[in-house]
Amino acid sequence: MTRVVNLSRREVVAGGATGLVLGFTIGFSNFPALAAHAHASGVFEPNVYLMIDQTGLVTIVAHRSEMGTGIKTGLPMVLADELGADWSRVRIVQAQGDPKYGDQNTDGSRSMRQFYQPMREAGASARQMLEAAAARVWNVNANDCQARNHVIVHVPTGRQLSFGDAAKMAATMEIAPLDHMELRFTAADERRYVGKPVPIVDLDAITRGTATYGIDVTLPGMKYASVERCPVYGGKALHFDATDALKVPGVEQVVEIPATPIPSGFYPLGGIAVIASNTWSAQQGRAKLKITWDFGANADHDSTTYRAELEATAKQPGRVVRSQGNVDVALGEAHRRISADYFVPYYAHAPMEVPNAVAHFADGKCEIWAPTQFPQSARTTASQVLGVQFEDVTVNVTLLGGAFGRKSKSDYVAEAALLSRRIGAPVKVTWTREDEIQHDYYHAISAQHLEAGLDAEGRPSAWLHRTVFPAIESTFQPDVTYGSAGELQQGVTDMPYAIDNVRCENGQAANHVRIGWYRSVYNIPHAFAVCSFADELAHAAGKDPLEYLRELLGQPRKLDFAAMHVDYPNYGASLDTYPVDTGRLRGVLDLVARNSGWGSSLPTRHGRGVAVHRSFLSYAAAVAQVAVGSDGQLTIPRVDIGLDCGLVVNPDRVRAQLEGAVIMAISNALYSNISIKQGHIEQSNFSDYLVARTDIAPETHVHLVESDAPPGGVGEPGVPPVAPAICNAIFAATGKRIRALPIDPAQLKVT
């Protein structure tokens with residue numbers, strides 16, 4: 001039960017009756033603005049996420065952004081279940097960016113785990129208000145009234161009151177503070193929506209092509225902009241000639257956006273913007289620009305040279321971030337010593353819908369329409385670049401055609417805002433695919449070095465892990481060269497194996513491009529290294545990799561980071577609620593292994609690989625099956641992926657997330673690679689920045705652990721174990737070890 005305490009901000013509704021008061025608030029940090037607003041019009045608005053009108057129509061506000069995860073449906077399902085609403089009479093509307101909704105940054109696989117309980121509380125508190133209102137109508141005890149499928153039932157007599165009539169009564173009652181009430185939540189076996197495969201609310205519009213994404217927004221009198229940015233991060237235009245650009249039909253103006261000094265954070269990179277009557281003309285005019293650039297401090301950056309620097313750093317002692325026992329002594333006394341180095345390149349997000357935004361600045365105020373993961377940040381950034389108050393900027397959130405972390409950064413939104421003010425008209429800024437790939441907030445390049453000491457039976461007595469990567473904070477603050485605790489928790493400091501002597505270190509790395517959050521973030525390289533190295537140890541020990549993994553995980557236990565003196569943020573969640581539980585790792589590992597046919601025979605040059613990893617408070621395991629031709633051609637006939645994410649709210653969406661994670665992880669493993677020469681990104685489009693396509697898609701089997709544990713993350717945890725599972729399968733098929741991504745097919749040829 002959740003304790004409900006006084007709500008001092010309740011409004012007294014004009015004309016309200018006396019004798020019954022309603023009042024609830026929720027003592028939960030993610031519910032900062034749960035304040036009731038009851039309308040004299042009869043619309044009942046018990047909190048910022050919910051309204052019920054006199055017809056009984058329930059309107060639920062989706063305050064997180066929908067980019068394909070299904071969260072626009074998932075969180076309202078939770079509220080509707082607790083409210084006792086009929087889903088067919090629920091309408092869902094997308095929230096603007098507004099602090100009253102709490103955190104709207106839809107990233108980090110946080111939406112369900114952070115708002116599951118607040119949504120329950122929002123629904124349960126509203127239901128009890130409706131029940132109390134019905135009790136007043138009937139002059140009965142409220143405890144005898146229950147909300148059931150959009151009506152309030154007086155249980156002893158069977159009398160019913162519609163949601164609309166109950167809401168009308170509730171909206172006109174005096175609302176005043178109540179002392180200490182307790183919420184009653186719907187029992188698990190009485191839930192009508194949570195745990196069921198509910199279709200997403202935009203499914204019909206998306207499949208019919210009528211859904212509105214950011215790139216679909218148009219305004220009367222709108223102009224269209226395409227921006228040429230310096231090809232080197234931190235560079236700026238010295239001068240430009242727009243003569244030829246202005247000759248292109250449709251081109252109206254050419255204006256400069258000032259460059260932002262690096263690190264540029266969420267601010268625009270700067271560049272030369274071509275304004276036209278349509279996007280095509282703007283892009284054609286942009287191609288005619290003659291610009292002289294000052295490439296700045298990163299003009300000599302070369303990713304090949306940088307990789308060598310990172311790898312050299314990984315060979316040297318770094319800052320110790322976890323230490324147990326005495327690794328050096330254990331390594332020196334080991335029966336056998338194993339070491340390996342791993343590398344993961346820069347990645348670009350490459351969402352199907354490129355960054356875009358529409359802005360209209362007029363009379364000192366700016367209204368924006370954008371596919372943004374973080375509308376509050378977009379408001380902040382736009383207000384800062386415009387020099388206006390936060391309250392003078394409105395951000396309308398559209399559907400997002402993919403994001404993967406890219407659209408939590410608001411540089412493209414600020415570009416539209418600046419240009420609208422500059423030309424005095426609504427402006428749509430549309431990035432090209434080339435813009436998106438060449439000016440991204442890249443997933444960090446990384447190098448890692450691992451060493452282990454094995455005893456005579458092949459059991460590890462020592463574990464040394466050094467990781468080196470440019471930190472995301474370096475995009476926002478100068479002179480940041482070490483990873484943060486939040487980045488190192490992603491597969492380094494939370495290494496779960498039962499080994500007595502462990503040391504994890506982090507080396508310094510300078511920053512030369514914008515580094516940003518990318519789906520699964522640093523779990524990608526760290527899971528790749530840790531899960532691959534575990535497989536290497538298994539083979540060195542002459543043991544089955546699955547059985548060896550089970551031995552490594554040891555007896556089920558919860559990792560004690562205090563005893564390790566590790567700074568472990570646990571993705572911002574309490575370790576009491578979300579411990580690092582090796583028993584759950586073992587459970588999902590066994591589930592996926594059992595269903596994958598692990599151990600059954602395969603043809604020559606076919607193999608299976610396994611990996612298990614915890615991220616974003618969930619536990620994921622994968623078994624990949626590969627086939628490798630003598631010419632090096634790799635196919636992936638099957639992937640089994642399992643997830644223990646605690647309570648599964650909408651299994652259909654969880655399965656979809658895992659299927660998508662498998663495809664994205666295959667892209668990471670086989671194709672994706674951003675390389676840099678003289679500060680210039682060498683890739684420009686899907687022709688040279690490859691992603692997995694239909695012909696490589698494996699038969700994917702998703703296995704979910706049934707659990708009533710608090711919800712964990714879903715969007716990202718499926719990605720990390722897939723690439724190491726593929727690489728481990730390649731070793732099983734060919735005997736060739738993959739330690740650098742993307743996989744080079746030339747390594748796999750029979751020679």
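## Ground rules

This is a predicted model, so to speak of local features here takes pLDDT of at least 70, side-chain atom pairs count only at pLDDT 80 or more, and totals for chains, interfaces and linings use all residues. Residues are numbered from 1 along each chain as its sequence is written, and side-chain values use heavy atoms, with hydrogens and water left out.

Helices (DSSP H or I, at least four residues) and strands (E, at least two) are numbered from the N terminus.

Start with α16 (residues 651-670) and α17 (residues 722-734): they pack at about 60°, axes 8 Å apart. Axes are lines fitted to C-alpha atoms, for helices over the stretch in contact, and angles run from 0 to 180 degrees between N-to-C directions. That makes α16 and α17 oblique to each other (under 35 degrees is roughly parallel, over 145 roughly antiparallel, 65 to 115 roughly perpendicular, the rest oblique). Their crossing is right-handed (the near helix is turned clockwise from the far one by less than a right angle). On the α16 side, V662, A665, I666 and A669 make the contact, and on the α17 side V722, A723 and I726 do (contact means heavy atoms within 4.5 Å). By class that's seven nonpolar, no polar and no charged (Ala, Val, Leu, Ile, Met, Phe, Trp, Tyr, Cys and Pro are nonpolar, Asp, Glu, Lys and Arg charged, the others, Gly among them, polar).

Then there's α1 with α2 (residues 111-138), at about 35° with axes 7 Å apart. This crossing of α1 and α2 is right-handed. The contact includes L75 and L79 of α1, and F115 and M119 of α2. Its residues split into 13 nonpolar, three polar and three charged.

## Aromatic pairs

The structure holds 12 aromatic pairs (ring centres of Phe, Tyr and Trp, its six-membered ring, within 6.5 Å; planes under 30 degrees apart are stacked, over 60 edge-to-face, the rest tilted). W87 and Y193 are a tilted one, 5.7 Å centre to centre with 45° between the planes. W87 sits in the loop between α1 and β7, and Y193 in the loop between β12 and α4, so the pair ties together parts 106 residues apart in sequence. Both W87 and Y193 are buried (under 20% relative accessible area; exposed is over 50%, partly exposed in between; 1.4 Å probe, protein chains only).

W463 and F533 go edge-to-face, at 5.4 Å and 65°. W463 is in strand β25 and F533 in helix α12, 70 residues apart. W463 is buried at 0% relative accessibility, and F533 is buried at 0% as well. Finally, F266, F476 and W517 form one aromatic cluster.
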